[in-house]
Amino acid sequence: MPFSIPFKAHFPSSSLTSFYPSLLYKMTSIATLSPPPTQLPTLTQTLPLSLIKTCKSMGQLKQIHSHSIRTGLVCKPIVPAQIIAFCCKQEAGDMEYARMVFDAMPEPNIVVWNNMIKGYSRVGCPDSSVSMYCEMLERGMMPDEYTYPFLLKRFTQDMAEKCGRELHDHIVKLGFSSNVFVQNALIHLYSLSGKVSVARGVFDRSSKSDVVTWNVMISGYNRSKQFDESMKLFDEMERMRVVPSSVTIVSVLSACSKLKDLNVGKRVHRYVKDLKIEPDRVLENALIDMYAACGEMDIAVGIFDNMKSRDVISWTAIVAGFTNSGQVDLARKYFDNMPERDFVSWTAMIDGYLQVNRFKEVLTLFREMQAANIKPDEFTMVSILTACAHLGALELGEWIKAYIEKNKIQIDSYVGNALMDMYFNCGNVEKALRVFNAMPHWDKISWTAVIFGLAINGHGEEALDMFSEMLRASITPDEVTYIGVLCACTHSGMVDKGKKFFARMTTQHGIEPNVAHYGCIVDLLGRAGHLKEAYQVIKNMPVKPNSIVWGSLLGACRVHRDEDMAEMAAQKILELEPENGAVYVLLCNIYAACKKWEKLHEVRKLMMERGIKKTPGCSLIEMNGSVHEFVAGDQVHPQSKDIYSKLDEMAVDLKFAGYSPDTSEVFLDIGEEEKESAVYLHSEKLAIAFGLISSGPGVTIRIVKNLRMCVDCHYVAKLVSKVYNREVIVRDRTRFHHFRHGSCSCSDFW
């Protein structure tokens with residue numbers, strides 16, 4: 001409901017009037033005992049006014065106030081008015097003291113009222129400003145043209161929404177709507193409340209002669225992220241020959257930074273030179289930020305190096321510029337040299353590591369941030385949660401969630417989606433759904449994330465149920481949502497449903513399938529063994545198939561051992577990406593499975609000639625808050641001896657359970673014993689052995705693998721879940737595998 005301010009209201013006085021009743025009584029009593037002098041003022045009597053003007057602290061002001069009470073000068077309205085003005089305008093001022101003095105004045109004039117309103121705005125108390133305004137109306141004092149700029153200047157969005165419209169009505173009734181200062185205040189008010197079109201209406205009715213008016217409107221567009229409109233308004237400003245100020249330049253540079261518009265940014269920079277605007281630190285920081293955002297780091301560094309003085313914003317802009325251009329190590333050098341760092345600096349560096357997939361450095365830097373006693377905000381938390389999601393670091397992710405709750409960091413949709421994504425990527429579907437259900441608001445990203453999360457964890461039917469709920473909630477899906485829906489069908493083998501959803505994209509929601517959607521359909525058909533139909537889809541695609549589409553077909557050829565089609569698909573991929581090592585490896589696997597050793601040797605020879613190397617398998621496992629990394633045959637881990645001992649023990653236990661090594665994907669033409677040794681040392685087996693010796697009975701083992709899980713490791717994980725009564729969750733390059741009681745959620749199809 002709107003905030004009600006009746007124009008001729010009877011408002012209760014502010015509760016602040018009851019703060020110091022005894023002191024007020026003493027002040028007024030003393031003042032009454034000292035009647036105003038009838039003779040001309042002496043030096044002693046005029047002294048307080050000159051002293052107030054040179055006053056530096058509240059302690060000095062209180063001494064002057066005490067002197068004025070003793071001499072009776074407090075009864076002259078100018079003295080308490082000046083005391084109030086100091087409290088309201090100066091950084092050292094005290095608004096509680098101002099209110100105390102104000103309440104002792106029998107008839108404060110409009111200047112005093114305005115100063116009180118201005119003072120409350122200065123200290124960020126818009127509620128008290130409005131209360132003072134209401135009290136002023138109640139006591140019959142009419143506002144003037146200065147009242148509203150003071151009143152509206154520091155409004156919060158909440159206050160702007162509650163009482164902005166009614167205050168505008170007052171302004172119109174009192175005839176101040178054409179006053180340029182009041183117009184500027186109204187533009188700010190409506191921009192703050194998100195009513196940018198109304199703010200533009202006020203702007204269009206203004207004279208547009210004052211540069212401040214333009215500045216407020218451009219800032220309003222920036223605040224609402226309508227940066228294109230900011231640029232258009234600046235163009236209009238140029239056409240009307242309104243000379244921009246440094247504030248204009250900073251606002252327009254900010255818009256250029258967000259839009260990465262280097263041309264306009266350089267044009268604005270020329271204004272600084274042509275108008276001989278003395279660049280202060282704020283302006284120089286804006287220039288650095290703009291050039292850094294546009295990738296012109298040489299120019300940004302040049303401005304940075306020539307600055308007379310730098311602050312944390314200057315340094316952070318350089319750090320963020322280098323991280324955004326992928327030069328993370330160079331960014332780290334500047335970061336390490338910063339004289340001071342705030343949470344924005346730390347977050348910028350953390351995001352830099354995140355962008356280049358150096359997730360372990362993300363977590364290391366976050367620990368350093370904590371050691372430096374820098375409190376992160378919700379953006380930092382999202383970055384850390386994203387790193388946890390990639391590393392499968394559930395324990396650390398849980399700690400971050402507890403930290404968020406303990407420090408009362410706002411769990412908005414941004415943080416909620418990151419939490420949910422972390423749980424899904426760590427294979428904890430139950431907790432991910434708990435976060436989703438606890439979120440106060442679900443946006444399209446939330447729905448899409450939960451559909452994707454369920455799909456990759458093998459809960460296809462539940463993912464489609466969520467999609468139906470999304471539609472019932474009147475949330476319109478986009479192309480990304482439909483990729484999640486098609487993935488759900490793919491991972492659960494629902495071919496007919498997948499085809500129907502693919503058709504509905506266009507017929508029901510007007511979404512033209514892109515190459516990613518066609519890739520999902522090819523994957524869906526290929527996994528189900530419909531290789532010829534999948535190939536026909538590729539041939540009839542209206543867009544050129546990329547390596548991912550052909551890769552889906554090649555992966556299906558591996559599962560179904562279709563040598564001829566595999567060769568064709570591999571050839572298509574290598575035409576697009578000649579250095580794609582994964583294609584050579586997959587083709588070798590297919591030849592090995594089909595025992596085509598001659599062709600396998602040809603591919604191996606080609607790999608050597610072209611310098612193509614097989615990407616080494618790598619598995620990550622988190623234990624006690626630390627992420628451990630294993631590669632095939634790894635012996636550098638501090639507990640290697642215990643790990644290999646456990647691996648030997650596992651081999652005995654699993655053989656009793658019926659294990660026999662599957663060497664069909666070993667593409668070396670060597671003896672069977674050597675092949676068994678090769679698969680025996682795969683990285684996920686080492687990670688499983690480490691998980692068994694490092695955790696208690698019944699604890700889930702979670703592993704992240706950089707490559708597709710091989711057939712033998714998949715078989716071993718199934719048996720481990722049965723023999724040791726452990727749930728094993730492996731996230732490989734394509735999907736999740738939840739191993740429970742000897743079975744896998746993928747139904748042996750991956």
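Modeller: Start with Lys646. This is a predicted model, so each value here is computed. Lys646 has a relative accessible area of 14%, so Lys646 counts as buried, the cut-off being under 20%.

What does the side chain of Lys646 meet in a salt bridge? The partner is Glu649, with N to O at 2.9 Å. Both residues belong to helix 36, which covers residues 640-656. They sit three residues apart, about one turn of the helix. Glu649 is partly exposed, at 38% relative accessible area.

Is Glu563 buried or exposed? Its relative accessibility is 14%, so Glu563 counts as buried. Glu563 forms a salt bridge with Lys599, and the closest N and O atoms are 2.8 Å apart. That pair links distant parts of the chain. Glu563 is in helix 33 and Lys599 is in helix 35, 36 residues apart. Lys599 has a relative accessible area of 30%, which makes it partly exposed.

Glu563 also meets the side chain of Lys596 in a salt bridge, at 3.8 Å from N to O. Lys596 lies in the loop between helix 34 (581-593) and helix 35 (597-609), while Glu563 lies in helix 33 (residues 563-576), so this pair ties together parts that are 33 residues apart in sequence. Lys596 is partly exposed, with 35% relative accessible area. Here a buried glutamate bridges to a lysine in a loop and to a lysine in a helix.

How many salt bridges does the structure hold? There are 28. Elsewhere, salt bridges link Arg99, Asp103, Glu135 and Arg139 in a network.

Next, a charged residue seen through its contacts. Asp712 is found in helix 39, residues 711-723. Its relative accessibility is 1%, so Asp712 counts as buried. Leaving out residues up to four places away in sequence, Asp712 touches Tyr659, Ser660, Pro661, Asp662, Val679 and Lys685.

Ser314 is another buried residue, with a relative accessible area of 0%. Ser314 is in helix 18, which runs over residues 312-324. What does Ser314 touch, not counting residues up to four places away in sequence? The contacts are Arg281, Asn285, Phe304 and Met307.

Now the surface. Lys89, Lys118, Lys153 and Arg154 gather there in a patch of positive charge. Lys89 belongs to helix 4, residues 78-89. At 43% relative accessibility, Lys89 counts as partly exposed.

Arg241 is exposed, at 75% relative accessibility. Where is Arg241 found? It is in the loop between helix 13 (227-239) and helix 14 (246-259). Arg241 and Ser209 are 32 residues apart in sequence, and their C-alpha atoms are 9.7 Å apart in space.

Back to the starting point. The bridge from Glu563 to Lys599, by contrast, links helix 33 with helix 35.

Note on methods:
Residues are numbered from 1 along each chain as its sequence is written. This is a predicted model: local features need pLDDT of at least 70, side-chain atom pairs count only at pLDDT 80 or more; totals for chains, interfaces and linings use all residues. Side-chain values use heavy atoms; hydrogens and water are left out. Patches are made of residues with over 30% relative accessible area and no salt bridge: like charges are joined within 9 Å, nonpolar side chains (Val, Leu, Ile, Met, Phe, Trp, Tyr) within 5 Å. Accessible areas come from the Shrake-Rupley method with a 1.4 Å probe; for residues, only the protein chains shown count as cover. A salt bridge is a side-chain nitrogen of Lys or Arg within 4 Å of a carboxyl oxygen of Asp or Glu. Lys and Arg count as positive and Asp and Glu as negative; His and the chain ends are not counted. The place of a charge is taken as NZ of Lys, CZ of Arg, CG of Asp or CD of Glu. Helices (H or I, at least four residues) and strands (E, at least two) are DSSP runs, numbered from the N terminus. Buried means under 20% relative accessible area, exposed over 50%, partly exposed in between (1.4 Å probe, protein chains only). Contact means heavy atoms within 4.5 Å.
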